[in-house]
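Welcome! Take a moment with the picture before reading on.

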Amino acid sequence: MSEDTGIYPELNIEPGSVHPINQTKKYLLDILSSIGFSTINGPEIETEEYNFDMLNIKKTHPARQMHDTFYAQDKEYVLRTHTSPVQIRAMLNNKSPMSFASGGKVYRKDDDATHLPMFHQVEGIHVDESVNFAQLKSLIFQIIYEIFGNEIEIRFRPSYFPFTEPSAEVDILSKDGKWLEILGCGIINPVVLENCNIDSEKFSGLAFGLGVERIAMLKYEVDDIRDFYKSNLDFLKQFN
Amino acid sequence: MKIAYPHLINFFKDKPSIEDVSEKLFQLGHENEIIGNILDIEFTPNRGDCLSLLGLARDLSVFFALDTLPVYYTERLEALNLNFENHATDDCPAISFLSIDIDEIPSKYEDYLESYFTTFQINKNNFFTDISNYLAYEMGQPTHCYDINKFNGNIEFVSDDFNENFETVLEKKITLSGTNCVFKSNNEVINLAGVMGGKSTACTRSTKQVLIECAYFNPESIIGKALKYNLHSDASYKFERGVDPSYQEQTLRRFIKIVSDHTNIKSIKYSSFVSKELPVKTLKFDVKEIEKIIGTNIDEELYKNSIIKLGFTISNNHINVPSYRHDIAHQNDMAEEMARIIGYDNINSTVFKIHKTQAPEESEYENSLRNFLASKGFNEVINMPFSNKTDASIKIDNPLDSNRGYLRTTLKHSLIENLLYNEKRQNESIKLFEISDIYSRKNNGEIENEKYLGIIVSGRVGNNYKEFSKKLDHQYLEEHFGIDKNSIFEIPRDGLDTKIKNKIYMALIKFSNLPKNLENLHNIEVNKISFNTYKPISDFPSSTRDLSFVLSDKNKIKELEEIILNFKSIYLKDSFVFDFYNNEKTNQIKIGFRLIFNSNHKTLTVDDVDNEIDNIVTICMEIGGVEIPGYK
């Protein structure tokens, strides 16, 4: 009841919503910020140099093929396939020690029920003296516990990313007993540090990346990634 | 890649179970699934050396001791006088040829060879090709067999631009275009190098004289060709990931052994063409460096013994990297080897502190703007950036389809599409926004980037009795957001696929032109993200009904509201008061409820909705003093 007579119904003021992917991206960046990472941004249109070469992704790597990467303007540019070029620019422009996180849209040439040509990533790098894999594990535990709670079961397994060595993929155990891949991480490949004019004899670094849609799907229990991009108000209004 | 457990287990002294093998493969980074007695393994692209029984057994030998290894032909090989010319030694630095002449084609295969075809249900082809296929599985090195009587003895390797027809051994006709590495004989392409051989020189079931080619191709020279011509083969998969550049003679000696297991060989001749010896990579044997990278103590003996089992040799405190390990270049790679062997989950984590780097939080304004617009009832959308061509748009060289060949240079069209989509879903009040970088091409070809805010509105201001009859318009945008009226424009409905008449208003504003002090921008209360479980949305249309009540007892209003707005049913999706009138002269209250029904499983019938309405009305009437003029 409201107003002078006390008989008027409450006004149904519908709140709007920030897109769930942007909410999740901010949520992840806020976690990283609380740990000590500073947030930075970078362009979505990149050169092969920043998107691949500087990251030690050789010309033979499958990711560089036309079927995986969108090339633009007669191969002068690529739509960035990950947010890692932002980290490259950060390493080029800052002095170690440094800790940066970035998040944003990335593009891969996929379009099916489980993959979209555009999705979002959040990445972090930390460069300092004597950064090691045991520390990386500690950081990943901290991030995943923050997202999924301290009871979640986590496993690390070897993987391959040209820009990290050793590299790992990290899984969490879902409620139905299945392991779900949740992020990729590793010790920054010394070649990448050297590409960014960082003395790899003195400094080492760690890097990690999460798929924002993946986290949003798990947290909100959305089972079809395409729902995020239908712009359906019945869907969007649920995230106010 | 599929590996049969019974085949793999032959290599080991102890016979670990398939589950043990699977678990250790996983620890080594080889994701796998057990299907019967087959291990379906997904190898990372840097581990071409594992794409065979032998390679996999070698990787597992850090856990399970090796026993039986393949037997090779060890006699001296007579020189093959082959008229071969290599015109592209960078693309193919090493290649060997073997000619074999046999007495008889065997009528049956030895168990180990037969088992390969039966286990994987692979059709046999001909004797030599069958061995070639098995050998790629066993040793990882592809070979190609030519019927020696089908070409005139000269062969050349060429990398050049082609526009030429080629029929593969699988009788697929393709036209070669662009630069390709091929083998030619008599100026005819007989083999698309590293991908697939040609029909014209292929072996048949009657072939007794064969020329076997075994090469190392630079992966950069052949990558993408299989995809380009849709000629995926086991050979192309292996060559693209890099085979062992120094393994040709060993492979061909194994080939001879397998042939000799099956039939009498009349003649064997061999020749090798190595243009460039690949240097042996060496690294310092430095366990302290490995400890530093992993962050844990490493047993030096374990490190040493493990890498020796993997084929590394150690001399003068240096590690010699085996030629098949293209992935090893520095100490971090060796650290990964050791971490895999220890098991990533067995490495203890070490807590450390990150000291924040001082840098501007660039997204603060953008996030505040999002929250501000959401607080005003706007919903954010994110659209794909692909569109048709405009003057300044950036061209995608390899678009998903012709309608998505360029990057959008405005948010306008995406937002109109979003609006029309929601109108079709019977949304009567639509307030959407999008914030996105927009990329365009300047006259000088440089790429320009501007961040934009796009807003689109149409329909009712809100779903409540005060705003229900008001329409969203430019005034609403000006008053609520202080947007300069010149930035707001009407989108004409002419040409749009819609019968709805409401006016559409839009604002497209460069971020750089946005006022930094939008009304209370930074004072919006933002709730902590709640991650409520989302409810699946229906693809079926909604049905809307209005119920208008007349009450003479004002004290019954709240009771009526509570019944209707909290009514639980499987079909009632939403309800709100859209009309309220207090007639003081007659002392009557008129209150109108809009009820929206929907199902996730079907289109609701009139009867479905009538039943729901009847249930609601029945309960409402129990209040007393409530009427629905005109209802039944």
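This is a predicted model: local features need pLDDT of at least 70, side-chain atom pairs count only at pLDDT 80 or more; totals for chains, interfaces and linings use all residues.

- Strand S9 of chain B covers residues 173–185, and S9(B) pairs with S10(B) in the antiparallel sense over 4 bridges.
- The hairpin of S9(B) and S10(B) has 2 residues between the strands, and Asn186(B) takes a positive phi near 55 degrees there.
- On its other pairing, S10(B) joins strand S11 (residues 196–197) of chain B, again in the antiparallel sense, over 2 bridges.
- Within this second pairing, Asn191(B) stands opposite Gly197(B) in S11(B).
- The hairpin of S10(B) and S11(B) has 3 residues between the strands, with Gly194(B) at a positive phi near 75 degrees.
- Why is S10(B) described as largely enclosed by the rest of the structure? Strand S10 runs over residues 188–192 of chain B, and 4 of its 5 residues are buried, so the strand is largely enclosed.

**The chain as a whole**

- Chain B holds 17 helices and 27 strands.
- Its C-alpha trace spans about 120 × 60 × 55 Å along the principal axes.
- Chain B has a radius of gyration of 37 Å, whereas a compact globule of 632 residues would have one near 26 Å.
- Of the 632 residues in chain B, 36% are buried.
- Looking at contacts in chain B between residues at least 6 apart in sequence, 70% join residues at least 24 apart.

**Domains**

- The domain assignment of chain B lists domain 1 (2–60), domain 2 (78–274), domain 3 (282–345), domain 4 (364–523) and domain 5 (543–627).
- The C-alpha centres of domain 1 and domain 3 of chain B are 21 Å apart.
- Where these two domains of chain B touch, domain 1 supplies 9 residues and domain 3 supplies 8 residues.
- The side of domain 1 of chain B that touches domain 3 of chain B has 1 nonpolar, 4 polar and 4 charged residues.

**Meeting chain A**

- How many residues of chain B are in contact with chain A? There are 91 of them, in contact with 87 residues of chain A.
- Helix H12 (residues 331–342) of chain B gives the most to this side, with 6 residues.
- By class, the side of chain B that touches chain A has 40 nonpolar, 29 polar and 22 charged residues.

Notes: Residues are numbered from 1 along each chain as its sequence is written. Chains are lettered from A and ligands numbered from 1 in the order in which they are written. Domain bounds come from an automatic or database domain assignment. Two residues are in contact if their C-beta atoms, placed from the backbone, lie within 7 Å. Ala, Val, Leu, Ile, Met, Phe, Trp, Tyr, Cys and Pro count as nonpolar, Asp, Glu, Lys and Arg as charged, and the others, Gly among them, as polar. The radius of gyration is taken over C-alpha atoms; the globule rule is 2.2 Å times the number of residues to the power 0.38. A residue is buried if 20 or more other C-beta atoms lie within 10 Å of its own, exposed if 12 or fewer, and partly exposed in between; C-beta atoms are placed from the backbone. Two strands pair if DSSP finds at least two bridges between them.
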